[in-house]
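User: I'm new to this one. Can you put it up and walk me through it?

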Amino acid sequence: MSKTAGVGRLGGAGAADAAQQQQLAAGDAAVARAARPIETLLRAAPLVLCVAAMTLMLRDQQSNEYGTVAYSDLGGFKYLVYANGLCAAYSLASAFYTAVPRPATVSRSWVVFLLDQVFTYLILAAGAAAAELLYLAYNGDKEVTWSEACGVFGSFCRQARTSVAITFGAVLCFILLSLLSSYRLFSAYEAPPPSALGSKGVEIAAYPR
């Protein structure tokens, strides 16, 4: 009788654990469904910002008695246009990918995480390079006898400054996306059981001072 009772208790505990796991899975699925529209909008936001920044920079040109200057004359501004175009395309593709329901897997989470990292650093580097170029245009560099240019081409500099500011708005969106994809990826891993650490636990190296 005692053995039968023990088996019954084990079976009941196993069924309760299975039911609890099903409830947790259902809860996770409900959270994912609720969060999908928000993530889709967040992934679509850089599309608008990148297109706006790229359009402003493409149309940035000024002519006066001192000459003509355009964005294509400066490598940092051309890099900003290319980076915004690539990030806008990725934003559109990732928004469509997120909007379509599909089962979450670790491999897909890795792909999204890596792509988010790549495009975050791409747009960040482009914004930083363009900001440095604007700083030199406004302040010059006395060590190499570069005079400031924005006093002569003020309209050009103001439009470029607006484009760079919008680009950093896109940078903020991509940073948030990177944090979101990294959380989704690394939260899929569970902590190792205590038995995997051995009887001695985790050994911490001590270094002499």
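User: Are Y90 and F174 buried or exposed?
Analyst: Both Y90 and F174 are buried. Buried means under 20% relative accessible area, exposed over 50%, and partly exposed in between, with a 1.4 Å probe and protein chains only. A word on the source: this is a predicted model, where local features need pLDDT of at least 70, side-chain atom pairs count only at pLDDT 80 or more, and totals for chains, interfaces and linings use all residues. Residues are numbered from 1 along each chain as its sequence is written, and side-chain values use heavy atoms, with hydrogens and water left out.

User: OK. How many aromatic pairs are there?
Analyst: The count comes to six aromatic pairs. Rings of Phe, Tyr and Trp (its six-membered ring) pair if their centres lie within 6.5 Å; planes under 30 degrees apart are stacked, over 60 edge-to-face, and the rest tilted. Y90 and F174 form a stacked pair, 6.4 Å centre to centre with 25° between the planes.

User: Which helices do Y90 and F174 lie in?
Analyst: Y90 lies in helix α2 (residues 75-99) and F174 in helix α4 (residues 154-186), so the pair ties together parts 84 residues apart in sequence. Helices are DSSP runs (H or I, at least four residues), numbered from the N terminus. Ring pairs also link Y90, F119 and F174 into a cluster.

User: And F113 with F186, what kind of pair is that?
Analyst: Edge-to-face, because the ring centres are 5.6 Å apart and the planes are at 80°. F113 lies in helix α3 (residues 106-139) and F186 in helix α4, so this pair ties together parts 73 residues apart in sequence. F113 counts as buried at 13% relative accessibility. F186 is partly exposed, at 45%.

User: Switching to α3. What span should its 34 residues have?
Analyst: At 1.5 Å a residue, they should span 50 Å. The expected span is 1.5 Å times one less than the number of residues. The end C-alpha atoms of α3 are 49 Å apart, which agrees. Just after α3, G140 takes a positive phi of about 70°.

User: Which residues of α3 are buried?
Analyst: Among them are S109, D116, T120, G127 and L134. T120 has a relative accessible area of 7%.

User: What does T120 touch?
Analyst: T120 touches F174, I175 and S178, leaving out residues up to four places away in sequence. Contact means heavy atoms within 4.5 Å. The side chain of T120 also reaches the backbone oxygen of F174 at 3.2 Å.

User: New topic. Which cysteines form a disulfide?
Analyst: C150 and C157, with sulfur atoms 2.0 Å apart. A disulfide is a pair of cysteine sulfur atoms within 2.5 Å. A search of the whole structure finds one. The link of C150 and C157 is left-handed, with -90° about the S-S bond. C150 is buried, and so is C157.

User: Last one. Which residues does the UniProt "transmembrane region" annotation cover?
Analyst: The unreviewed UniProt entry gives residues 79-98, 118-138 and 164-186. UniProt positions are in the numbering used here, feature names are shortened, and annotations may be inferred rather than shown by experiment. In the model, residues 79-98 are 100% helix, with end C-alpha atoms 28 Å apart. Residues 164-186 are 100% helix too, with end C-alpha atoms 33 Å apart.

How values were computed
Helix = DSSP H or I, 4+ residues; strand = E, 2+ residues; numbered from the N terminus. Polar contact = N/O pair within 3.5 Å; in protein donor to acceptor, adjacent residues only side chain to side chain.
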